[in-house]
Amino acid sequence: MAAAVEIQGLSCRFGGVKALDAVDIRLSPGEVLGLIGPNGSGKTSLFNLLTGHHNPEAGAILLDGLDLAGQSPSQIARFGIARTFQNLRLLRRLSVYENVRAARHACAPLRDAFWLSPAARRQERDSLMNLLDIFGLSEKAQKTPAELTLVQMRHLEIARLLAADPKLVLLDEPAAGMTSAETQAITEVIATHVLPGRSAIVIEHKMQLVAALCPRIAVLNAGRKIADGPTGQVLADSAVRQSYFGAKPC
Amino acid sequence: MDAFTISVLSNIGLFSFLAISAWVLLICGEISFGQQAYFAIGAYAGGIATAVWQWPFALGVGFGVVLGAVIGGLVAWPTTRLSGMHYAIATLAFAEFVRSCLNVFSYQREVDGYLTGPDGANGFRDIRWAYEAGVEPLGYLGIIAAGLAAVIGLIACMARGRGMAQLRIVGEDPILAGMQGLNVNRIRIAAATLAGGIAALGGALYAHLATYVEPAQFGVMIGVHSLAYGLIGGLGTVFGPILGVLVDIGLLESLRVFSSYRMIVFGGLVALVLILRPRGILDEKTVRRIQAWLRR
Amino acid sequence: MLLDIVQNTLDGLAIGSAYGLLAIGFTLIFGVMRRLNIAFGPSIMVGIFAGAWLHSQWSAGMIPVFLATLAGAVLASAYVERISFAAIRGDAALASMASSFAIWMQLEEAVVHVFPGRTYAFPTLQTIPMLEIGPVFLRPEYLAMFLTAAALILLLQWILTRTRFGLEVRTLADNPEAARVSGVNVAQVAFLTFLLAAVIGGVAGFLIAATDGQITPKIGLWATMKGLIAMVIGGLGSLRGALIGGLVLGVVEAQAQWFLGAAGREIVTYTLLFLALVMLPSGLAGRADAGARTEALRRL
Ligand SMILES: Nc1ncnc2c1ncn2[C@@H]1O[C@H](COP(=O)(O)OP(=O)(O)O)[C@@H](O)[C@H]1O
Ligand SMILES: [Mg+2]
């Protein structure tokens with residue numbers, strides 16, 4: 001089920017800011033890539049391009065050989081790309097359960113809008129409650145996201161992403177704002193439930209998580225890819241240390 | 001039941017169609033000032049079908065509903081791309097367009113020796129199905145109640161299926177909805193179709209109760225009212241807009257002591273409710289709490 | 001024919017400048033609050049009736065009537081702001097809109113209560129003779145309308161670009177977050193903006209009432225509709241757009257009224273409005289909807 005990704009010469013610009021500048025990244029099926037770089041280096045923008053939220057100025061994105069150019073975000077989601085958001089994007093007025101269920105409406109036939117058989121409802125309920133259970137959220141299923149802690153909200157986003165059963169997952173700073181112990185916990189959840197059988201790109205500043213999950217990392221700086229390779233090797237690279245750790249990460 | 005109660009209840013029922021229609025769009029994140037257009041379309045189409053073409057009542061009402069739904073979908077097709085305010089004004093423009101077209105729309109045929117049919121600004125008289133079929137006001141109230149029950153039933157089905165959830169997700173965060181694979185435009189067009197059909201059903205029933213309709217009855221004020229009903233009653237459930245109608249028509253008709261200060265009391269009450277509960281009386285949170293309580 | 005068109009354009013520009021003022025009032029409020037105050041027209045209506053009352057009671061002259069109109073509009077607007085906007089905090093644009101509708105109902109009923117008749121007289125400027133410029137005529141009250149509107153817009157321009165308050169209004173409209181961080185007293189600026197909008201709307205209402213010579217409570221709905229439509233035609237969030245939108249609306253209405261009559265005017269106006277919205281979603285001034293902009297700025 002894992003997808004191969006090929007990003008070729010991808011560029012994107014916001015006004016005068018060149019957010020991405022001719023970035024090439026290849027991902028073979030099942031590969032997990034860590035994406036690091038200072039703030040404002042274009043990591044989130046890369047995700048926004050991958051999910052079709054922005055249009056690239058130049059370059060191409062291929063998912064299993066299929067060109068994503070000109071596809072709408074909803075089509076891209078249905079091709080099997082799902083993501084989380086750096087600034088959490090939850091449905092505030094819907095319950096936690098409905099937030100996870102949001103990922104299940106996409107490919108449903110029109111009839112489902114008006115009628116779901118009790119068996120289908122029960123099946124969906126069971127599978128989603130199982131999912132919430134993994135993240136320790138089944139107790140909170142009928143609460144609103146506002147009643148969750150920040151850590152639980154990040155878990156909820158990952159649960160929603162899993163509910164879509166994607167081929168490529170994009171995690172945008174999944175451990176932002178977490179303590180070391182919480183980071184450890186989410187690292188384990190991601191390793192056991194999210195990554196198996198999927199390709200993934202993980203943006204993260206916490207090396208603890210990156211080192212544990214990503215055998216390979218790429219480094220962006222001011223929109224350019226300045227390094228790409230096995231994690232240990234890249235982190236030892238002096239240019240990377242200069243750009244990344246020279247500028248204080250936050 | 002005395003005639004007064006019956007007429008108040010009938011009015012509550014008829015306004016509920018309009019209020020639910022505006023509510024469906026609110027759920028979907030769109031403000032429509034123009035649902036009265038579909039009410040008018042339903043009234044005129046249903047009336048023409050039964051009075052001029054002499055169709056059976058059910059068929060005539062069905063014709064009105066289908067026409068309202070189709071036009072609702074067609075209007076939504078170019079307008080859903082528009083953002084908030086623009087959509088609101090576009091719906092207003094369309095409704096006023098419909099009203100001003102009805103002002104010059106004449107279509108009269110001889111039926112039983114009388115000229116029957118809409119006659120521009122003079123209105124459309126003698127939509128006499130209920131009279132000819134011998135349906136009493138109480139019986140007609142039953143018909144209205146059945147229509148309303150059908151609409152509530154449809155929405156309950158959508159709440160059990162995926163429909164309501166899809167509308168709410170699109171309404172809450174269209175960008176996120178897109179990234180969850182939902183086709184936002186298609187869902188909005190579907191919502192507008194549904195809303196058009198519901199309003200048209202109310203209109204067709206209204207025309208046969210009133211027996212007389214005229215373009216001036218379908219002004220902006222009605223549209224703004226029906227929008228306000230959902231916002232007052234609450235966006236959490238389909239009973240919200242109905243509650244809004246009840247508060248306006250029901251409560252104030254019965255509280256006749258206020259007679260001439262009616263709108264001052266009503267306005268103050270609504271403003272107070274909205275300060276305490278910005279999403280209306282039956283907001284999402286309250287509804288969830290009630291559901292949890294019922295489940296126990 | 002050509003002459004008619006010129007004459008209609010002149011008349012339309014005059015009425016359109018009043019529409020433009022109404023639209024500017026809406027735009028100021030919408031820009032600063034990101035919420036729609038549909039009770040704007042009815043607040044102006046209160047002012048107009050206050051003026052008419054002064055006129056009928058003491059047959060007051062133009063200037064007291066004018067001041068009473070402004071005072072009425074400002075008071076009613078302050079009431080709307082307190083109840084429907086200041087009291088409803090947080091992300092509740094819909095609630096504010098519904099609440100302003102409720103207050104609209106109150107204002108209208110209150111006015112109907114005090115003025116139970118259908119129409120009332122308002123003092124007019126018709127004492128000044130009709131101006132003739134070659135073959136076209138210019139009604140003096142139209143000229144006054146146009147000139148007053150122009151002066152007011154220049155004054156507003158000065159306030160917005162040269163005063164501290166104006167700077168705060170513009171920061172708030174551009175980027176509420178930045179305004180908050182840089183220490184703008186949001187609640188106070190919002191309140192003052194409301195009052196400023198009420199003054200502008202009051203002037204527009206006065207000009208319109210003084211041209212027509214008679215008023216009904218329906219003028220509240222009318223002013224809200226015209227102002228909203230002109231604002232949206234011009235493109236939300238731009239004062240220049242609001243003015244252009246008002247002028248365009250005025251000219252289109254005047255031409256359609258002349259060539260097609262009242263029923264035709266309505267059909268043409270609303271058809272054009274609908275088409276303009278669909279084909280020029282960013283308005284005549286070419287600026288996108290402020291709401292859409294904030295949505296886009298809400299970063300992923
Ligand atoms: N929607 C947008 N509009 C304007 N500029 C943007 C937008 N999104 C990102 N940028 C700019 O692009 C650059 C890259 O941002 P981003 O991709 O968010 O960086 P990162 O995620 O690596 O911290 C920044 O300079 C940012 O200001
Ligand atoms: Mg980022």
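A salt bridge is a side-chain nitrogen of Lys or Arg within 4 Å of a carboxyl oxygen of Asp or Glu. The legends below describe close-up views of a predicted model.

**View 1. Salt bridges between chain A and chain B.** There are 4 salt bridges between chain A and chain B. In one of the salt bridges, the side chain of A:Arg93 meets that of B:Glu172, with a distance of 3.6 Å from N to O.

**View 2. The extent of the contact between the two chains.** Chain A contributes 32 residues to the contact and chain B contributes 25 residues. Together, chain A and chain B bury about 2800 Å², of which 57% is on carbon and sulfur atoms. A:Arg93, A:His105 and A:Phe114 supply 22% of the area that chain A buries against chain B, more than any other three residues.

**View 3. Polar contacts and the side of chain A that touches chain B.** Across the interface, 13 residue pairs are in polar contact, with both residues at pLDDT 80 or more. Helices H2 (73-79), H3 (96-101), H4 (110-114) and H5 (118-134) of chain A each give two or more residues to this side of chain A. The largest share, 4 residues, comes from H2(A). By class, this side of chain A has 13 nonpolar, 7 polar and 12 charged residues.

**View 4. The magnesium ion (ligand 2) and its protein donors.** A:Thr44, through OG1, and A:Gln86, through OE1, coordinate the ion at 2.0 to 2.2 Å. A:Thr44 lies in helix H1 (residues 43-50) and A:Gln86 in the loop between strand S6 (81-83) and H3 of chain A, so the pair ties together parts that are 42 residues apart in sequence. A:Thr44 is buried, at 16% relative accessible area, whereas A:Gln86 is partly exposed, at 23% relative accessibility.

Conventions
Residues are numbered from 1 along each chain as its sequence is written. Chains are lettered from A and ligands numbered from 1 in the order in which they are written. This is a predicted model: local features need pLDDT of at least 70, side-chain atom pairs count only at pLDDT 80 or more; totals for chains, interfaces and linings use all residues. Side-chain values use heavy atoms; hydrogens and water are left out. Contact means heavy atoms within 4.5 Å. Buried area is the accessible area (1.4 Å probe) that two parts lose on being put together, summed over both. A polar contact is a pair of N or O atoms within 3.5 Å; within protein, one must be able to donate a hydrogen and the other to accept it, and residues adjacent in sequence count only if both atoms are side-chain atoms. Ala, Val, Leu, Ile, Met, Phe, Trp, Tyr, Cys and Pro count as nonpolar, Asp, Glu, Lys and Arg as charged, and the others, Gly among them, as polar. Donors are N, O and S atoms within 2.8 Å of the metal (3.2 Å for Na, K and Ca); water is not among the atoms, so sites may look incomplete. Buried means under 20% relative accessible area, exposed over 50%, partly exposed in between (1.4 Å probe, protein chains only).
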